[in-house]
Amino acid sequence: MRLLGFHCVTPLAVLVLLGPAALRAQQTSFTGVVVDATTTQPVPFAVVEVPNRHMGVQATEQGTFSLTLPTALTTADSVRVSSLGFAPRVMAAPGASPCRLALRPLAVALPEAVVRPPGPVLTLGPTANGGRSGFGGGNLRLVGSKGWQVGRKFEAGSRGIIQGVRFYVKPNHNCGKNSVRAPFRVRLYAADGPAGAPGTDLLTASVLTAASRAGWHEVDLLRYQLPVPTSGFYVVMEWLYMDGAFGCDYTYTVMGEKKKKTGYAYGQSLGGYYNAPPSVTWYLTAGHPWQPFTHRVIPGIADKGEVHNAAIQAIIQPD
């Protein structure tokens, strides 16, 4: 059965055309691999989601995924598959697994190299290092990871080239100092999405980086010649599951209760700080749209109407 570049087979490897009701009734687990339609190579870290149900998963570095779907699906429950540098695709809820989901790469026009004389740069963003708080990588595992992106919005106002970005990277306090070295991906978006949310990908190359120690970690982007968009833009850290060595189990006590529970954390933390509204920090996970961090009252920390923002900077080479 082929549908919009997707190929799924029954568990017995027999291709049978079934009615929609029968497909939905037998669907419990959706598994497969996301591949490049032109090369058939796996697409790492693609996102497979059912937005209508707020369900989704991030594929592994080898493009494989596993997503448990409810049995009571409707025609509105379409599956969306997307990845950096590829055109997103939408399909009806599948009735068989495993699936081979093929994405077509986007045609990317290489920017003309511009020789610019050295000169002063403009650094946008906070000087606070995120000592009071931070943003963790969340529940990233080999199977079932929903992915996690946290980014800071920079308003339009400066013309020039995005020369680089900085992230204040800290060890996850649950996992120890070595977790600061967990790789992550740099994402840049124009602020042209709904309500000013992240929208168009500005950086279509997959730029992976990792910090060697805690502190401001700078990534040079000058080679990509990315002009500052008039709509404003977002600089985003995208956590990716790379290796189980970057995660850990830990024990914590539930607030107000006298019992302990076991949790799991992955990777380093992104520095954060509290300041007066508005929030300029947004987040994204599979199955959910982009949304801003809102004020939450945390006794002794954020009980004065403050909002939680990310310690991220953008370095602009002015025109």
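Contact, as used in these legends, means heavy atoms within 4.5 Å. The structure is a predicted model, in which local features need pLDDT of at least 70, side-chain atom pairs count only at pLDDT 80 or more, and totals for chains, interfaces and linings use all residues. Residues are numbered from 1 along each chain as its sequence is written, and side-chain values use heavy atoms, with hydrogens and water left out.

View A. Beyond its neighbours within four places in sequence, Gly134 is in contact with Lys170, Leu270, Gly271, Gly272 and His308. Gly134 and Gly272 are separated by 138 residues in sequence, yet their C-alpha atoms lie 4.1 Å apart. The relative accessibility of Gly134 is 31%, so this residue counts as partly exposed (buried is under 20% relative accessible area, exposed over 50%, and partly exposed in between, with a 1.4 Å probe and protein chains only).

**View B. Positive phi at Ala195.** Most residues other than glycine have a negative phi. Ala195, which is not a glycine, has a phi near 60 degrees. Ala195 is located in the loop that joins strand S14 (184-190) to strand S15 (207-209). With a relative accessible area of 79%, Ala195 is exposed.

**View C. Positive phi at Gln225.** The phi of Gln225, a residue other than glycine, is positive at about 50 degrees. Gln225 belongs to the loop between strand S16 (215-220) and strand S17 (233-239). Gln225 is classed as buried because its relative accessibility is 13%.

Note on methods
Helices (H or I, at least four residues) and strands (E, at least two) are DSSP runs, numbered from the N terminus.
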